[in-house]
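Morning, everyone. Please put the model up on the screen, and keep the sequence beside it.

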Amino acid sequence: MATRIDRALVADTALRLLNEVGLEGLTLRRIAKELDVQAPALYWHFKNKQELLDEVATEMFRRMAVPIAEAEGATWQEHLAAAIREVRRFLLGYRDGAKVFSGTRYTDSGHATPLEEMLRFCVDAGFTPRAAARAWFTVTTYTVGYVIEEQSVYPVPGGGRDPIYEPEARARRLAGHPLATEAGMEFFEDLDAGYEDGLRAVIAGIEVTLLPGPESRPAPGAGGSRSASGAGESRPAPGSEESRPASESEECRSAPELEKG
């Protein structure tokens, strides 16, 4: 009996093939061969490779959604870091995983629930909805970009380093440039430590630039932007350069939905 071909089967087959052929070799024709069908059977479901990659990226997120949702942390910083580490771990499990995931569009709304939960955690910690969205988007783009670089150094999960990144060979190519040579050790040696250093810097920057100061955060159980005493917004002192609080209408704007694409 012939196997019933549908989008889910094609995406699952693509993910199984990815470590073998990489992004460049992942074509509809190659997947059709793996499924023992003619390529036109797949074009019924996907008009081109981009549509295929959109479905593959969506399936990737379906598989990482549970670990993201189960990430824990006592503070918003720890929670955000734990969740995004799961994204990195998953992408590293597939050859070219970060390249496949980046620049694609989700094909359903399954990502909305874990996204909502992450944003809610940040809002409860004091972020505005828009700032919470920007915080998650920032750590995500940092992570995807970092993994793309990691996977250029170690192209196959569990495999060896690409010879071009060997430190001795690189040092010979950059002879006479001691700082650039030393930078290579930082860039390409301990990739786990490098990721964590960068992640700490990103989260510290989020705290400084996106999280409102304690004096401007709503008190627990308070509505809008009113102070804990129930008084209205305080006025800046005459001549002060203190910026005015955001208007109530601005604070009530909902966070943009972070759909890919």
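Start at D36. Buried or exposed? D36 is exposed, with a relative accessible area of 71%. For these words, exposed means over 50% relative accessible area, buried under 20%, and partly exposed in between, using a 1.4 Å probe and protein chains only. D36 sits in the loop between helix 2 (28-35) and helix 3 (39-43). Helices are DSSP runs of H or I with at least four residues, strands are E runs of at least two, and both are numbered from the N terminus. Now the backbone. Phi of D36 is near 60°, a positive value in a residue other than glycine. Most residues other than glycine have a negative phi.

A quick word on what you are seeing. This is a predicted model, where local features need pLDDT of at least 70, side-chain atom pairs count only at pLDDT 80 or more, and totals for chains, interfaces and linings use all residues. Residues are numbered from 1 along each chain as its sequence is written, and side-chain values use heavy atoms, with hydrogens and water left out.

Next, D96. D96 is not a glycine, yet its phi is positive, about 60°. Look for D96 in the loop between helix 5 (76-92) and helix 6 (97-101). How exposed or buried is D96? D96 is buried, with a relative accessible area of 16%.

The UniProt record, an unreviewed entry, annotates residues 27-46 as "DNA-binding region". UniProt positions follow the numbering used here, feature names are shortened, and annotations may be inferred rather than shown by experiment. In the model, that span is 65% helix and 0% strand. Its end C-alpha atoms lie 11 Å apart.

Now V21, in helix 1 (residues 7-25). What does V21 touch, leaving aside its neighbours within four places in sequence? V21 is in contact with L26, R30 and R95. Contact means heavy atoms within 4.5 Å. Then look at V156. V21 and V156 are 135 residues apart in sequence, but 9.9 Å apart in space, C-alpha to C-alpha.

Last, the whole chain. The protein chain has 12 helices and 0 strands. Of its 261 residues, 37% count as buried. Take contacts with a separation of 6 or more: residues 24 or more positions apart account for 70% of them. The accessible surface comes to about 15300 Å², and 53% of that belongs to carbon and sulfur atoms. Those areas come from the Shrake-Rupley method with a 1.4 Å probe; for residues, only the protein chains shown count as cover.
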